[in-house]
Amino acid sequence: MAESERQYNHPRDDHNPRPRLRERQREAIACALFITPAVIGFLIFTLVPLGISGYLSFTNFNLANTPALVGLANYREMFTDDLWWKSVQVTLVYALSVVPLWIITSLALALIMNQNLPAIRLYRTVFYLPAVLSGVAISMLWVWLLNYQTGLVNQLLKMIGIKGPNWLGDYNWALRSIIIMSVWSVGWYLPIWLSGLQAIPTELFEAVTVDGGNWWTRLRHVTLPLLSPVILYNLVVNIIWATQLFTEPLMMTNGGPRFATQTYMLYTYRNAFQYNKMGLASAMAWVLFVAVLALTFLAFKSSSMWVYYEGERKRG
Amino acid sequence: MKSHRMTRRTFLMWSAATAGAGALAACAGAPPPPAQQPAEAPQEQPTAASAPAEPAATGASIEYFSYDLGPANESREQIADKFTELNPDIQVKNTFLPYGDTWNKLAALMAAGTPPDVIYADFSVVNHALEGNLLDLKPYFDADADLAVTDAFTVDLLDPVMAKYGTQQLYNLLIGTWVPILYFNMDLFDTAGEPYPTENWTFDDLRATAAKLTTADGEQWGIQWGTTLDQTGWTWWLQKPADFWAVPQAFPAKTTWDSPEGLKVMEIYKSMGLDDKSAVPFDLMGGFQQFGAAFGAGKSAMVLGGDWDAGWGYRDLPFKWGMTFIPMINEGYRPNLNTTQSGNVIAAGTKNKDAAWQYARFMAADETAQGYIGAAAYETPVFKKVAQSDAVMKPDWAAPGYETRVKAAMLPGPSLCPYPLSTNLWEFSDKYLDPTVVQVTTGEMTPQEAVALLDKEGTPHYQQLKDAMPEPQS
């Protein structure tokens, strides 16, 4: 306190009775300068298009015409379209399958990669590599791997006497194949998990060990609670990603066979750019936005029951 | 002092909200275009645009906008070079884009008021025609005596569908034609001792031969339904709406799948797919990595495809193959084969109308330009003198029956453009036609159920397009 008073009473500051405010103003200006490019980008490339898409969802815009308002016609068409419901079903099945798979497998992988093993950095790099590859390239790779005639997967199965399915051409296998493929790129989450794991104080593990706990006790009572904010983050991001699956079904199956892999985003794209129903596609995008927002809201609401924030005081 | 630090919870909420908003924004698409008045006839009287040696514009630069034509892109470069050689004051810049991107970018350019000058177009631009974004070429056409000589061309340059898009204006100056073809693997026919298909074949002949060329082990089939021509696209050529020929009513008000022809088409799918199993199953089609799928892999004796496949990918196949007309549904009933036609449209907003017309006209009716088009073999030239030349009918690499491309294109009658009749019919094909055909071949749907469903779902799409068309003027 005395140090602060000495600073405030410095002779050079006599003309300004509130130098602390000036410092905060400087900080505010610096803050504004730093965030301005991002805000401008957000306004121009996100908020304005978002507003336009909201408007277009009530029009008959077809890319070539002058949009005319059609009220709720696009929303009515969407809810009465069997293929829209089918795309919702495909997306839900995919999301409900891959979100738990992504979280469990990537966390398990991260727990292994967090060990002090020889050449661990090499392994971490190898597992992270798929994350830096283009989705199109990965899709093409898997198209070759899963080719029912010449693909490596079926060739390997053939060696052990199993006739592999028509992975991408069979109605019942196509979506499963894309789900399997999706798990391949879980390395994307490694840095997030590892940063969370390495932030856990080692004293806590040591305390459990001293108390006679085994690896499961450490995982159950230390690792998972302290990782729960990261789990929440991954859960939210995974829900958003899973509901926006697009590249893989487009490249690998083009939504087929018979719409078995036509996800919500793929059907939205089709309506927008193949059938030129931009108004309908905008309505679909808004419905997805609201649905994802609701799911995210639920995830956050539930977080008070299972997410532990160190230093956060429990309410109530 | 109150802390302004962002908590992890807040940070996560903002991250999720931003990611969601970003994804939604991606669906906003292009901004709506400004309202445009219908294209007006050119203000100035067309110059002697028909004479490439007499430039209509000086110091002009025009952009030729096209989807990627693969190996045929070179022909467009040759045409541009030749044109500039003859018209030194007009520079031509070629722009090639992937097919799907072409139409999205064109819409954006139209909306921005900066369209390309000359556009290589198919029926995908019908919406632009209806919105007045395309130049009416009729005044230019009427001023050109050479173009009015109908006998000089393999097709009618005033075709109500492909040239006029069902309107009263002329939008598309045709440069080439496409027809469906029955390709056959001569090696497989020779091995089986079967005679090659002929232009008098009916689908019954096709069925009988396909069954003989199908092996029990599932390694070889008699027929494959289409490749680059989508898997069921060929059926459009057979399913001729009863009132289709009522010109100028270019667009019927309803589909007529529930007709003897439509039912026959579905019976063909059923008999060869389900009963004989002589057709490559649709769910196996994607497993072939070669150009031409099972046919390209030498595992299908025949394929129904577009004639562009001949010049684009089949010429490199490692076996002997031939071409002929697609079979008749019944003896004496040959559907019109002069089907889709390629051509150029001109943007109403071009700043170089005369130069753009001059270039479009050069591509359609100049012997050298048409020769380049013929040599590229993507489409068949419309200028009869070139189309019927040996260079086009019998190029060095030509397979037996290659001249079918020209012969089929010259069958009488207006062109039938049933394939991408409009974006709405793409939707119809994707949603109803293709899945229905698949279900017929697997036995999940009978031919009767199929045609009933196709008419129920197809008629609204026809009606939608018809409603968008301006009323015919008396």
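Which residues have the most contacts inside the largest nonpolar core? In this predicted model, the residues with the most contacts inside that core are Tyr183(B), Ile346(B) and Tyr359(B), and the core has 183 residues. One of these, Ile346(B), touches Asp117(B), Val118(B), Leu134(B), Leu135(B), Leu137(B), Ala356(B), Trp357(B) and Ala360(B) when residues up to four places away in sequence are not counted.

Chain B contains 19 helices and ten strands. Of its 474 residues, 54% count as buried. Among the contacts in chain B with a separation of 6 or more, 76% are between residues 24 or more positions apart.

Six strands of chain B form an open sheet with mixed pairing, in the order 2-1-3-9-4-10. Strand 2 (90–97) and strand 10 (380–381) of chain B stand at the edges of the sheet; each has a single partner strand, so one side of each is left without a neighbour in the sheet. Helix 2 (residues 73–86) of chain B packs on the sheet and touches strand 1 and strand 2 of chain B, its direction making about 170 degrees with that of strand 2. Helix 13 (residues 353–365) of chain B also packs on the sheet. The strands of chain B touched by helix 13 are strand 1, strand 2, strand 3, strand 4 (173–178) and strand 9 (340–346), and the direction of the helix makes about 30 degrees with that of strand 4.

Strands of a sheet pair through backbone hydrogen bonds, in either the parallel or the antiparallel sense. Both senses are found in the sheet of chain B, where the pairing is mixed. Strand 1 (residues 60–67) and strand 3 (residues 118–121) of chain B pair in the parallel sense over two bridges. Val118(B) in strand 3 is the bridge partner of Tyr64(B), and Ile119(B) in strand 3 stands opposite Phe65(B). Strand 3 and strand 9 of chain B run antiparallel and are joined by four bridges. In this pairing, Val345(B) in strand 9 stands opposite Ile119(B).

Strand 4 of chain B is mostly covered, with six of its six residues buried. Strand 4 pairs with strand 9 of chain B in the antiparallel sense over five bridges, and the bridge partner of Trp178(B) in strand 9 is Thr340(B). Strand 4 and strand 10 of chain B also run antiparallel, joined by two bridges. In strand 10, Thr380(B) is the bridge partner of Thr177(B).

Two further residues of chain B were examined in their helices. Glu261(B) lies in helix 9 (residues 260–275) of chain B and counts as partly exposed because 19 C-beta neighbours lie inside 10 Å. Glu261(B) and Val179(B) are 82 residues apart in sequence, and their C-alpha atoms are 19 Å apart in space. Ala293(B) belongs to helix 11 (residues 293–296) of chain B. Because 23 other C-beta atoms lie within 10 Å, Ala293(B) is buried. The phi of Ala293(B) is near 50 degrees, a positive value in a residue other than glycine.

In chain A, helix 5 (residues 120–132) has 13 residues and reaches 19 Å from its first C-alpha to its last, close to the 18 Å expected at 1.5 Å a residue. A kink of about 25 degrees lies at Val126(A) in this helix, shortly before the proline Pro130(A).

Most residues other than glycine have a negative phi, and most peptide bonds are trans. The peptide bond from Gly256(A) to Pro257(A) is cis, with omega near -10 degrees. Pro257(A) is placed in the loop between helix 12 (247–252) and helix 13 (264–274) of chain A. Asn276(A) has a positive phi, near 55 degrees, and is found in the loop between helix 13 and helix 14 (278–306) of chain A. Asn276(A) counts as buried because 25 C-beta neighbours lie inside 10 Å.

How values were computed: Residues are numbered from 1 along each chain as its sequence is written. Chains are lettered from A and ligands numbered from 1 in the order in which they are written. This is a predicted model: local features need pLDDT of at least 70, side-chain atom pairs count only at pLDDT 80 or more; totals for chains, interfaces and linings use all residues. A nonpolar core is a set of buried Ala, Val, Leu, Ile, Met, Phe, Trp, Tyr and Cys residues joined through C-beta atoms within 7 Å. A residue is buried if 20 or more other C-beta atoms lie within 10 Å of its own, exposed if 12 or fewer, and partly exposed in between; C-beta atoms are placed from the backbone. Two residues are in contact if their C-beta atoms, placed from the backbone, lie within 7 Å. Two strands pair if DSSP finds at least two bridges between them. Axes are lines fitted to C-alpha atoms, for helices over the stretch in contact, and angles run from 0 to 180 degrees between N-to-C directions. The expected span of a helix is 1.5 Å times one less than its number of residues. The bend at a residue is the angle between axes fitted to the seven residues ending there and the seven starting there.
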